[in-house]
Protein chains: 2
Amino acid sequence: MEPHKILLPDTDIPEHWYNIIPDLPRAPDPYLGPDGHPIPPAAMEAIFPPEIVRQEMSDQRWVPIPEPVRQALALWRPTPLFRARNLEAALETPAKIYFKHEGVSPAGSHKPNSAVAQAYYNREAGIRRLTTETGAGQWGSSLSLAGQLFGLAVRVYMVRVSYQQKPFRRSMMETWGGEVIPSPSELTAAGRQALAETPDTDGSLGLAISEAVEEAAGRSDTNYALGSVLNHVLLHQTVIGQEARRQLEIAGDYPDVVIAPCGGGSNVGGMCFPFLNDKLAGTSVRLVAVEPTSCPTLTRGAYAYDYGDVAGLTPMIKMYTLGHDFMPPGIHAGGLRYHGDSTLVSLLHHEGLLDAVAVEQLPTFEAGVLFARTQGIIPAPESAHAVRTAIDEAVLAREEDKQRTILFTLSGHGHFDMAAYDRYLAGELDNDYHDGSQLKASLARLPQVT
Amino acid sequence: MEPHKILLPDTDIPEHWYNIIPDLPRAPDPYLGPDGHPIPPAAMEAIFPPEIVRQEMSDQRWVPIPEPVRQALALWRPTPLFRARNLEAALETPAKIYFKHEGVSPAGSHKPNSAVAQAYYNREAGIRRLTTETGAGQWGSSLSLAGQLFGLAVRVYMVRVSYQQKPFRRSMMETWGGEVIPSPSELTAAGRQALAETPDTDGSLGLAISEAVEEAAGRSDTNYALGSVLNHVLLHQTVIGQEARRQLEIAGDYPDVVIAPCGGGSNVGGMCFPFLNDKLAGTSVRLVAVEPTSCPTLTRGAYAYDYGDVAGLTPMIKMYTLGHDFMPPGIHAGGLRYHGDSTLVSLLHHEGLLDAVAVEQLPTFEAGVLFARTQGIIPAPESAHAVRTAIDEAVLAREEDKQRTILFTLSGHGHFDMAAYDRYLAGELDNDYHDGSQLKASLARLPQVT
């Protein structure tokens, strides 16, 4: 029978991460402090372990993956590469569609790939506790699990409205031993100030970041961990693309186009960077980051220095941004609501090496349902953005009557997003276009960098 | 590195199901009609396709799996066999613990293994619609997906209290195109009568069965599908044990003990029957069915003819039973609340070929949490029963300082059971012992068969 998936044994878990920095067309722009000068490594070590800080700036192309991290990854990696034969048949396309199923991880997405690496390096540095923030709970779940595997206590500041509305993600974190605190909390100065100003606030991801960083900066046994945007996070995710490349090789295939959903950039870095390595060496592979039209960072943002958080407390990052206080409408793909993007993803897009498309909410759910009904797996709404673009590419191949090999990341399953599917099936969702005037206003508030 | 899992390629999906009937120590007891005589095949064909009826009674040892069914299974099979190295280390046991991860199916459990086969045979018989019942939603989800894959409409009568309390399982069925009706409904005579008697009833699985069967019996384009108990369902599940046996062979191992959770018996049939084949041929493998102390069918039930449903509308089945109107306490492992058991599983237990143990609720959640914190995967509460028994065997091996190879089915993940984990972690669950006097009374109401 024709195979539906290509599997790799545990021994084929990559032995190195691929660091794209030495292969970039120019040096990446440094993170800047409030004084407009690059942040020195020592400053980052207040909240990150030395090895993570080193990776953030490293020009070493292949970074060895420590054996304990590979052992942790082996709990779910290598992930399967599927050929979406049923979807191809439903679309009557001559294209081959492959997807890399990152939803098989215990936390249900690609996020644990970096969480286990970060937990390991923190433990090696003698750290006993990690803090982080979480919105919908994907990253908080992943770090709770990783902390448990490496013997670290994990405290997760969870945006209060999510804490109240998504109790099952909270239960998941607690099952893995994580401590979940609704943010804002009384535990930090940032939290207390927010509560004093607005006692019934919903909280925000930016505020939860402030609380987690404040706690980590103030305790010598505690560090902070971030699940996207930063270079080391994208580095850790490159196991995805490396495995996919090897699996396609086994299938005797190579992609014409590689597609990943794009929020902060961890998926794009993970799936696309290993293929970018090929592209820089001369292959014609096309790389596509998919974002929502309601939060169109790469397609409509400015390429400028901006803060990573709403409150402007983080260093400034050179990136495509909608403005740090841009508030996207409440779309269901929470992981894609970020106003900015990884500085590496932004640089590559700016240099014309990485394409970007924006898709509307309803077509992504339509794609998610078609995918579920043909391939079985219900995609997370974030992942459904990549499914949508893969389907569009396959339909185009049909219209042009051209063979084409399409590869995308199915970054996670939708088991904790059924309320969103429910609303879609009930006809209660709309396309949530962004407000052009709001975008113009938030772009006008970008920080001035001399 | 030491492998954490053993994978098989799609081509190793078994080509036959293993039918244990010809290998039983005696012929299985027939299903009996209201007149006390065996149900003729023609009567079963009112609601089942001919091939399923044939399989129910077949003495053919190896039943070929049709290629379209293998193709459907390939969406998630072969499932991985994991060596639980982290759990072994946490228990400091000399035992090797392997588990077969059935939670990787799109519906999250082993149930789709039979759903796709049943959908296929119904389509081949010219059937256009299927009806079924569901409690927590595992079987209804599986059949909705299978119907979608084979072009059949699926109507699921969902116990009303679950319909109201578990909206996400309902959304999942609808995402796969299933139509979900809260039961009791106005669509059937059984439903209308129940509503007339008790307008605000919670509904029951027995009543939902009655509605689904009534509709299927009354429409020539519609059949009924059941997710456990019957011989053909257990037959379809034997892909589990066959794959596991092959995977252990690759690992150079053979189990001393094989463990499966037991509700209606589909898991036990699926995992244990292929090993029973070996046992009958002389190996010393021990087979263990695990049930909750609150619904102790095999360990405290009578071996007698009884109805399959609460209302006494189904044929009578020779089985271990607590009495068809035994009401177990509201334990969270809904899949294990059935009062009876497959006639094949019951026969094998009665003949001493299959052991049974009952475990309490709190130790199963304790085991589920330990499993999640070591292996990552959060088990369904049903599956946690098998985890508990595997841990007990591993601890015994440590105490006896004996090598032992333990194999169990992780029948499903717990993503839709986080409310139960939440209550466990909050200390709100107890052991839900069954009421001995209730058991005595329900056993006294067993039907009289001459």
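Q: Is Arg77(A) buried or exposed?
A: This is a predicted model, where local features need pLDDT of at least 70, side-chain atom pairs need 80 or more, and totals for chains, interfaces and linings use all residues. Residues are numbered from 1 along each chain, chains are lettered from A and ligands numbered from 1 in written order, and side-chain values use heavy atoms without hydrogens or water. The relative accessibility of Arg77(A) is 0%. Under 20% is buried, over 50% exposed and in between partly exposed (1.4 Å probe, protein chains only), so Arg77(A) counts as buried.

Q: Which side chain makes a polar contact with the side chain of Arg77(A)?
A: Arg77(A) sits in the loop between helix H3 (67–73) and S4 of chain A; helices (H or I, at least four residues) and strands (E, at least two) are DSSP runs, numbered from the N terminus. A residue 25 places away in sequence has its C-alpha 8.8 Å from that of Arg77(A). At 2.7 Å, the two side chains make a polar contact (N or O atoms within 3.5 Å, one able to donate a hydrogen and the other to accept it; sequence neighbours count only if both atoms are side-chain atoms). The partner is Glu102(A).

Q: Which residue of chain B does Arg77(A) touch?
A: Residues up to four places away in sequence are not counted here, and a contact means heavy atoms within 4.5 Å. In chain A, Arg77(A) touches residues including Asp10(A), Ile13(A) and Asn113(A). From chain B comes Lys5(B).

Q: What is the peptide bond from Arg77(A) to Pro78(A), cis or trans?
A: Most peptide bonds are trans. Pro78(A) is in the loop between H3 and S4 of chain A. With omega near -10°, the bond from Arg77(A) to Pro78(A) is cis.

Q: Which backbone oxygen does the side chain of Thr93(A) reach?
A: Thr93(A) lies in the loop between helix H4 (85–91) and S5 of chain A. With a relative accessible area of 12%, Thr93(A) is buried. Its contacts include Glu88(A), Ala397(A) and Arg398(A). At 2.7 Å, the side chain reaches the backbone oxygen of Ala394(A).

Q: What is the phi of Val229(A) near?
A: Most residues other than glycine have a negative phi. Val229(A), in the loop between strand S9 (222–224) and helix H11 (231–237) of chain A, is buried at 8% relative accessible area. Its phi has a positive value, near 70°.

Q: Which strands are at the edges of the open sheet in chain A?
A: Seven strands build this mixed sheet, in the order S1-S4-S5-S15-S10-S11-S14; two strands pair if DSSP finds at least two bridges between them. Inside the sheet, five bridges join S10 to S11, which run parallel, and Ala260(A) has Ala289(A) as its bridge partner. Each edge strand pairs on one side only, and these are S1 (5–6) and S14 (355–359).

Q: What is the area buried between chain B and chain A?
A: The contact takes 48 residues from chain B and 48 residues from chain A. Met1(B), Thr175(B) and Arg373(B) supply 18% of the area that chain B buries, more than any other three residues. Carbon and sulfur atoms give 60% of the total, which is the accessible area (1.4 Å probe) that the two parts lose on being put together, summed over both. That total is about 4100 Å².
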